[in-house]
Amino acid sequence: REAEAFRSVRTALLFAAHESGAKLIQVSSPEPGDGKTTSICNLAIAVAQSGKRVLLIDADLRRPTVHAMFRLSQEAGLSDVLHGEIEWN
């Protein structure tokens, strides 16, 4: 059921993005633990499964968590890119 719910959100977002020409989705909330990481990771997966290219950036410089959801290394991150220490690609 959860996967189908994210596919429904994906379809609505892609339709709205097509209509408005938007190419970016930003997710934020005032409190930690609101489910932002879980929601955006699942949404990114649903969009990627539709054949679209997805770049998911965790811009929480204090407590990044997206890497853990995908079991990725935290060696290089957004702050390294912003400092010019590495290239983003």
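R71 sits in the loop between α3 and α4, and its phi is positive, about 55°, although R71 is not a glycine. With 79% relative accessibility, R71 counts as exposed (over 50% relative accessible area, whereas buried means under 20% and partly exposed lies in between, with a 1.4 Å probe and protein chains only). Please keep in mind that this is a predicted model, in which local features need pLDDT of at least 70, side-chain atom pairs count only at pLDDT 80 or more, and totals for chains, interfaces and linings use all residues. Residues are numbered from 1 along each chain as its sequence is written, and side-chain values use heavy atoms, with hydrogens and water left out.

**Overall fold**

- The protein has four helices and zero strands; helices (H or I, at least four residues) and strands (E, at least two) are DSSP runs, numbered from the N terminus.
- Along the sequence, the pattern reads α-α-α-α.
- Taken along the principal axes, the C-alpha atoms fill a box of roughly 35 × 30 × 25 Å.
- Of the 89 residues of the protein, 10% count as buried.

**The salt bridge**

- Side chains of opposite charge can pair when their charged atoms come close.
- The structure holds one salt bridge (a side-chain nitrogen of Lys or Arg within 4 Å of a carboxyl oxygen of Asp or Glu).
- Its partners are R7 and E4, whose side chains meet at 3.2 Å, N to O.
- Both R7 and E4 belong to helix α1, where they are three residues apart, about one turn of the helix.
- R7 counts as partly exposed because its relative accessibility is 30%, and E4 is also partly exposed, at 43%.

**The largest pocket**

- Rolling a probe the size of a water molecule over the atoms shows where empty space is left.
- The largest pocket holds about 1,200 Å³ of space.
- Here a pocket is an open set of points on a 1 Å grid over the protein atoms alone, where a 1.4 Å probe fits, with protein on both sides within 12 Å along at least five of seven lines; lining residues have an atom within 4 Å of a point.
- Grid points are joined across faces, edges and corners, and the volume is the space filled by probe spheres set on the points.
- The largest pocket is lined by 35 residues, and I25, V27, I40, L56 and I57 are the closest to its centre.
- Two or more lining residues come from each of α1 (2-20) and α2 (36-49), and α2 has the largest share, with seven residues.
- By class, this lining has 18 nonpolar, eight polar and nine charged residues (Ala, Val, Leu, Ile, Met, Phe, Trp, Tyr, Cys and Pro count as nonpolar, Asp, Glu, Lys and Arg as charged, and the others, Gly among them, as polar).

**The second largest pocket**

- About 730 Å³ of space lies in the second largest pocket.
- Among the 24 residues that line the second largest pocket, L56, D58, A76, G77 and L78 are the closest to its centre.
- At least two lining residues come from each of α2, α3 (66-69) and α4 (78-82), with α4 giving the most, four residues.
- The lining of the second largest pocket comprises 16 nonpolar, five polar and three charged residues.
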